[in-house]
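Please read this briefing alongside the sequence and the structure shown below. The points are grouped by topic.

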Amino acid sequence: MNLDLGFNDSMELQDERTKLTDELKKDAYLLACLDRLHISRDMIERYPMKIQRYREQLNICRSCRGLFNCNQSDAGHTMALNEVNGRLKQVYLPCKYMQQKLSEDRAEREKTPYLRHYLINDMPLDCYQADLSAIDMTKERASYINSVSSIIENLPLKKGLYLCGDVGVGKTYLAGCITNWYAKQDRKVAFIHFPTYLNQLKNAFDNSSEYDFYIRSATNAEVVVFDDVGAESVTAWSRDDILEPILNERMNHKRLTLFTSNYSQDDLQEYYRTSSKGIENEMGAIRLMERIRVLSNEMIIVSKNRRHN
């Protein structure tokens with residue numbers, strides 16, 4: 001019997017840690033970036049794995065030419081480091097291209113006063129003035145025309161919609177049209193890009209008032225769109241501690257709730273069954289999808305891919 005397995009494993013891990021630390025210390029570009037962030041060099045020895053994750057993020061961004069070819073998991077956001085009281089903390093912040101977009105978004109909002117009714121506004125810029133009545137039906141497929149006509153005829157909606165379909169068919173745009181319609185009626189609305197929302201919550205862990213604002217807005221807004229559900233990495237936290245309780249409150253208070261997704265409702269349930277770490281929780285997925293189905297009717301959007309035009 002080998003009684004030294006634990007010791008040997010510990011030595012191997014220490015060797016790997018030492019090799020990684022030495023490698024990080026030789027990366028001139030990384031060191032320059034750490035200097036700009038005022039991160040002291042001893043942080044490399046104390047937090048080599050966190051520094052390595054930061055380096056991986058840097059390498060993704062080095063060749064980036066804009067949001068159109070962003071390879072980050074949350075487009076337009078990248079990891080940054082803060083040294084606070086001798087500890088190294090990581091946050092996710094908008095990159096320079098996203099900052100430019102946000103600046104353009106602010107300028108666009110000045111042209112659209114109804115946007116002041118958005119508690120959270122993650123809409124793309126081309127949705128700021130989105131209006132169902134302005135869609136040129138002569139250039140659309142019959143199935144898309146039917147979907148738009150059905151939405152127009154049923155406003156104000158008695159029940160939310162779950163807009164699903166292929167990438168680029170206009171699900172987000174239609175959802176923006178709907179929230180704009182309600183905003184113009186002076187209703188408090190929120191348009192939440194769900195993967196971005198989760199990062200905002202993570203960044204607000206140390207700021208209880210900001211964290212509470214995000215939770216309250218998603219829970220209490222009269223009309224909410226959860227955009228791109230299923231695009232986030234599934235964790236027990238995001239599924240069971242964030243989305244399910246928010247939807248449960250909205251369901252109990254009969255607040256209008258819409259979703260967009262590349263998944264059908266059945267496929268989304270399968271996706272939510274397993275976390276990104278491979279941990280299965282079928283009941284968690286069933287509970288979540290029960291609330292989504294109570295809150296919304298599935299509408300499959302079929303159209304051309306607008307991103308290629």
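Helix H2 (residues 28-36) and helix H4 (residues 48-62) have axes that come within 11 Å and cross at roughly 105°, so H2 and H4 are roughly perpendicular to each other. This is a predicted model, in which local features need pLDDT of at least 70 and side-chain atom pairs count only at pLDDT 80 or more, while totals for chains, interfaces and linings use all residues. Residues are numbered from 1 along each chain as its sequence is written, and side-chain values use heavy atoms, with hydrogens and water left out.

**Helix H2 against helix H4**

- On the H2 side the contact is made by Tyr29, Leu30, Cys33 and Leu34, and on the H4 side by Ile51, Tyr54, Arg55, Leu58 and Arg62; contact means heavy atoms within 4.5 Å.
- The residues of this contact divide into 7 nonpolar, no polar and 2 charged.
- Ala, Val, Leu, Ile, Met, Phe, Trp, Tyr, Cys and Pro count as nonpolar, Asp, Glu, Lys and Arg as charged, and the others, Gly among them, as polar.
- Axes are lines fitted to C-alpha atoms, for helices over the stretch in contact, and angles run from 0 to 180 degrees between N-to-C directions.
- Angles under 35 degrees count as roughly parallel, over 145 as roughly antiparallel, 65 to 115 as roughly perpendicular and the rest as oblique.

**Helix H9 against helix H10**

- The axes of helix H9 (residues 208-220) and helix H10 (residues 236-252) come within 8 Å and cross at roughly 45°, and H9 and H10 are therefore oblique to each other.
- H9 contributes Tyr211, Ile215, Ala218, Thr219 and Asn220, which meet Trp237, Ile242, Ile246, Glu249 and Arg250 of H10.
- The contact of H9 with H10 comprises 6 nonpolar, 2 polar and 2 charged residues.

**Two buried arginines**

- Arginine 55 is in helix H4 and counts as buried at 10% relative accessibility; buried means under 20% relative accessible area, exposed over 50%, and partly exposed in between (1.4 Å probe, protein chains only).
- The side chain of arginine 55 makes a polar contact with the side chain of aspartate 27 at 3.2 Å.
- A polar contact is a pair of N or O atoms within 3.5 Å; within protein, one must be able to donate a hydrogen and the other to accept it, and residues adjacent in sequence count only if both atoms are side-chain atoms.
- With neighbours within four places in sequence left aside, arginine 55 is in contact with Glu23, Leu24, Asp27 and Leu30.
- Arginine 291 lies in helix H12 (residues 282-295) and is buried, at 9% relative accessibility.
- Its side chain makes a polar contact with the side chain of asparagine 248, at 2.9 Å.
- With neighbours within four places in sequence left aside, arginine 291 is in contact with Glu244, Leu247, Asn248 and Met251.

**Cysteines**

- A disulfide is a covalent bond between the sulfur atoms of two cysteines.
- The structure holds 0 disulfides, where a disulfide is taken as a pair of cysteine sulfur atoms within 2.5 Å.
- The closest cysteine sulfur to that of cysteine 70 belongs to cysteine 64, at 5.3 Å, which is too far for a bond.
- Cysteine 177 is in no disulfide, and the nearest cysteine sulfur, that of cysteine 127, is 7.1 Å away.
- Cysteine 177 is buried, with 2% relative accessibility.

**Backbone in the loops**

- Leucine 155 and proline 156 are joined by a cis peptide bond, with omega about -5°.
- Proline 156 sits in the loop between helix H6 (142-153) and strand E4 (160-164).
- Aspartate 186, which is not a glycine, has a positive phi of about 65°, and its place is in the loop between helix H7 (171-183) and strand E5 (189-193).
- Lysine 254 also has a positive phi, near 55°, in a residue other than glycine.
- The loop that holds lysine 254 runs between H10 and strand E7 (256-261), and lysine 254 is exposed, with a relative accessible area of 74%.

**Helix H8 and the whole chain**

- Helix H8 (residues 194-203) is mostly covered, with 8 of its 10 residues buried, among them Phe194, Tyr197 and Leu201.
- The chain has 12 helices and 8 strands; helices (H or I, at least four residues) and strands (E, at least two) are DSSP runs, numbered from the N terminus.
- Of the 309 residues in the chain, 44% are buried.
- Among contacts in the chain with a separation of 6 or more, 72% come from residues 24 or more positions apart.
- The C-alpha trace spans about 70 × 50 × 40 Å along its principal axes.
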